[in-house]
Amino acid sequence: MRGIAAGHQTTCAIAKDDGAVWCWGENNDGLLGHEPNTQGDVSCEAKTEPAVDGVYPSFACSPTPRRIDGIAGVRSLAMNEFNVCALTDKASNGHIGSMSQ
């Protein structure tokens with residue numbers, strides 16, 4: 001692993017061999033590189049959020065790392081609650097997530 005970055009409820013890592021990005025956790029804003037509730041997303045409870053009548057809110061997620069298609073040669077990552085930004089070996093930028101946030 002070259003590096004790791006963590007957002008609100010999503011974590012991403014850079015593969016040492018090819019600089020590919022692997023992410024796991026929340027996918028409500030497409031942080032796993034695909035539309036929420038697709039490609040095998042499961043429903044996860046957000047126990048970091050307040051429970052309402054004893055029930056925690058749920059969200060689309062992947063508890064296991066998933067390779068993000070279309071981004072490789074990554075040198076570093078930066079994350080926030082809604083976005084993952086990557087700097088590649090060719091000094092270009094990649095983006096995953098919600099452009100509206």
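Modeller: Start with a definition: buried means under 20% relative accessible area, exposed means over 50%, and partly exposed lies in between (1.4 Å probe, protein chains only). This is a predicted model, in which local features need pLDDT of at least 70 and side-chain atom pairs count only at pLDDT 80 or more, while totals for chains, interfaces and linings use all residues. Residues are numbered from 1 along each chain as its sequence is written, and side-chain values use heavy atoms, with hydrogens and water left out.

Colleague: Why does R66 count as buried?

Modeller: Its relative accessibility is 18%, and the cut-off is under 20%, so the label is buried.

Colleague: What makes R66 and D41 a salt bridge?

Modeller: A salt bridge needs a side-chain nitrogen of Lys or Arg within 4 Å of a carboxyl oxygen of Asp or Glu. The closest N and O atoms of R66 and D41 are 3.4 Å apart, so the pair qualifies. R66 lies in strand β5 and D41 in the loop between β3 and β4 (42-45), so parts 25 residues apart in sequence are tied together. Strands are DSSP runs of E, at least two residues, numbered from the N terminus.

Colleague: Is D41 buried or exposed?

Modeller: D41 has 15% relative accessibility, which is under 20%, so D41 is buried.

Key. Helices (H or I, at least four residues) and strands (E, at least two) are DSSP runs, numbered from the N terminus.
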